[in-house]
Amino acid sequence: MTFRQGQKVKIYRRSEDESWEDYMEEFIGLHGIITDPDTSKNDPEALIEVSLDEKGTHRLPQDCLRVIGQ
Amino acid sequence: MTSHTCSVKSLHEQLRDTLGSGKLTHPWCRQKVSEIFDLVHDVSQGQAGPDHLDSILELAGQLTDRGPAADCRESGEFVTAFVEENREAFQSHISTHTCPSGHCPMLTPAPCQMACPAGIDVPSYVTLVGQGKYAEAVSVIRRDNPFPWVCGLVCTHPCEFMCVRGRMDSPIAIMDLKGFAAEKSMSARQYANPEPLPDNCRKVCIVGAGPGGLTAAYYLALRGYRVTVLEALPVAGGMMMVGIPRYRLPREVIDREVAMIESLGVELRLNTRFGKDVTLEALRAEGYEAFLLAIGTHGTYKLRIPGEEDLEGVLPAVPFLRRVSLGDHRMPGGRVAVVGGGNVAIDAARTSLRLGCEQVHILYRRTHAEMPAHHEEVVEAEEEGVQFSFLTIPKEIRGENGRVTGIVCVRAELSEPDSSGRRRPVPVEGSEHVIPADAVIPAIGQEVQSKGLEAFEQVDWTRRSTIRVDTVTMQTHQEGVFAVGDAVTGPATVVEAISGGKKAASAIHRYFEGIAQPALPAVPVRRRRLESFEVPGALKSDLKRPEMSLLGRERRRITFQQVRLGLTDQQAHDESRRCLRCDICIRCGKCVEICRDKMGIGALQLGYLDFDEPGPTDMRITAERCIACGACATNCPTGAMQITDEDGYRVLSLCGTVLNRLQLEYCEICGEVLGPARYHDYIMKRVRDISPEMGSRRVCLDCARSKSGGRHAEITPPRE
């Protein structure tokens with residue numbers, strides 16, 4: 001999935017990426033907006049910036065994200 | 001943000017239940033528990049002072065020691081144990097006026113503040129801009145970000161994506177207001193540093209003078225640390241200085257804000273590469289006890305195609321932009337081909353145009369829709385004359401006499417989406433063609449240049465070749481060594497580097513002081529609680545996001561002058577008034593529910609309150625339907641919705657936005673305020689059957705009752 005700036009997403013599961021940290025478990029189920037996708041090369045491995053509703057902005061791996069609307 | 005429950009709110013509710021249950025029968029106990037409840041209430045409302053916690057414990061101790069009944073003593077013991085166990089949360093509520101979990105409505109940060117990686121108190125500075133207090137606005141911003149001017153020009157502004165006004169029409173121009181305040185403040189010579197704490201004689205060395213390193217330097221210097229920043233380049237600013245072109249971020253802006261940091265006593269050692277010009281041993285010998293690695297991502301990925309390594313005229317984007325930033329304004333060639341679709345590719349292309357290149361082509365392997373560059377950057381590049389070749393894959397760089405003459409490409413088609421949903425470019429057979437070029441600029445990604453960091457033997461690296469840290473504290477696996485910025489995240493944003501720098505400064509301070517490090521990310525702190533502007537609802541709806549003037553297209557093509565020319569005073573003040581003040585209204589929707597479901601009126605159409613599925617918002621409709629009963633205001637948990645009687649009118653306002661204004665009526669008999677006619681009619685319709693005597697007369701319920709009572713006195717009840 002290529003994520004675009006402004007897309008609404010859901011953190012639907014824990015990531016299997018090494019960058020996933022324990023405190024991120026609390027984010028599962030939250031909705032947010034992609035604020036800074038990979039702006040250099042559309043790399044599915046890149047960490048991308050997501051602003052979560054009421055829970056701050058975090059750089060997360062892409063495998064835990066699912067688009068929920070435009 | 002850090003937990004699902006709030007201990008302050010929890011104690012508040014437990015005490016309320018205890019008092020309401022009637023369990024405490026002794027009056028003295030009830031009095032003491034009631035006093036504790038009031039103090040906890042203050043904490044949850046942001047009205048507590050530094051002595052509140054001690055007072056709560058003192059009262060609880062009295063209950064325990066002098067309680068005349070067992071339930072009384074148990075209550076005291078419970079409160080003492082609860083507060084001791086959750087002391088940090090209580091102290092945080094008192095000192096920061098912020099509720100990390102969002103359960104204390106008065107202390108919940110606005111979505112824009114929560115979204116800001118640096119946690120800037122956006123509503124406060126936006127309001128201060130509207131009040132014309134630019135220096136105060138800047139000082140609010142600098143509590144969390146020492147680069148308001150830089151971020152006012154180039155921030156990726158995640159705050160604007162979360163801006164609630166965006167669900168109504170367009171988000172507040174938060175970034176532009178920040179830049180406006182910083183420029184005004186600097187121009188008026190009112191941009192000032194806070195007073196630092198006295199020198200604590202402890203030395204910290206920061207490697208890299210980019211946004212992350214300099215932010216950490218700023219906050220450490222304010223705490224009294226002696227900070228030295230090593231920088232390999234001849235200028236400070238890192239990627240802000242040598243990665244972002246001058247037409248987006250003038251050098252003077254960076255210089256002025258770096259100078260403010262330097263003026264706190266931070267030592268900048270330029271032209272000093274760690275591991276080459278200075279070693280870890282030498283720095284330790286100088287007395288540095290903690291290190292922060294903020295080296296950025298100055299390396300570039302290669303295209304890995306023939307001709308890339310051996311032809312003159314192949315200039316990777318990062319060194320090319322750096323060269324230009326440092327003053328080398330020679331044209332790379334008449335015809336330039338930039339390879340890549342990201343922001344750096346766009347920057348390289350627009351820079352090439354400004355250097356005088358006649359033809360600048362961006363070659364990208366996918367389509368316009370898949371370009372990772374920001375949309376507005378692409379649009380501005382197109383306006384300036386950059387040409388785009390989509391679905392174009394470079395295959396070989398060709399040259400003559402050792403110089404580039406062109407780039408061989410093949411056309412591509414996008415495949416059907418694979419299992420991950422990505423459409424991959426597939427080369428079209430026989431589509432090979434040559435694009436003539438005198439220079440080729442690969443811009444397909446950046447990486448950390450780790451050379452020199454071997455000295456930090458225990459620092460661990462990720463599979464992305466970035467430094468592994470605990471992202472809450474920015475601590476590496478080596479004690480006393482921290483890391484921030486792109487070296488940790490990979491190529492990211494200025495504001496994220498700033499956020500990392502702030503976190504690292506706090507963690508380094510805790511490291512020196514032996515204080516336990518946090519396990520969860522910090523929550524943004526509300527810096528001010530400001531009154532909102534009074535704005536008529538119709539105007540609030542009508543105000544539009546300002547369109548900033550841009551430098552003329554012709555001039556943009558030939559100079560590095562700043563493209564975005566800033567807001568005017570009027571634009572900035574109007575934009576400030578457009579803000580919905582989500583630091584006051586927490587969008588719980590109680591007002592809408594009560595008006596619609598309990599009162600049956602439906603005068604509040606505030607569709608923006610819903611994050612996932614925002615509905616239509618119409619602030620004019622309230623004036624048409626609202627009866628000014630005040631049910632919404634009475635049930636508002638934060639006081640965002642207000643109803644007041646002033647100058648013969650009843651006024652309903654939401655965070656200062658006047659939604660309704662109705663003339664008051666007075667009782668014909670006693671002169672008491674009846675409320676507006678609509679409200680009176682609403683009430684009378686409901687009591688008509690009980691009190692039919694008043695007809696169309698405007699009288700209050702008391703007078704109506706006494707009139708009816710008089711009539712009742714004349715009625716003789718039937719005898720049994």
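Mentor: Start with C99(B). It is buried, at 1% relative accessibility (buried means under 20% relative accessible area, exposed over 50%, partly exposed in between, with a 1.4 Å probe and protein chains only). Next comes C585(B), which is in no disulfide (a disulfide is a pair of cysteine sulfur atoms within 2.5 Å). The cysteine sulfur nearest to C585(B) belongs to C655(B), 5.1 Å away. C585(B) is buried too, with a relative accessible area of 10%.

Some ground rules. This is a predicted model: local features need pLDDT of at least 70, side-chain atom pairs count only at pLDDT 80 or more, and totals for chains, interfaces and linings use all residues. Residues are numbered from 1 along each chain as its sequence is written, chains are lettered from A and ligands numbered from 1 in written order, and side-chain values use heavy atoms, without hydrogens and water.

Now the bond itself. Over all chains, the structure holds one disulfide. Its partners are C29(B) and C72(B), with an S to S distance of 2.0 Å. The link is left-handed, at -110° about the S-S bond. It ties distant parts of the chain: C29(B) sits in helix α2 (residues 27-45) of chain B, C72(B) in helix α4 (residues 70-85) of chain B, 43 residues apart. Helices here are DSSP runs (H or I, at least four residues), numbered from the N terminus.

Conventions:
Helix = DSSP H or I, 4+ residues; strand = E, 2+ residues; numbered from the N terminus.
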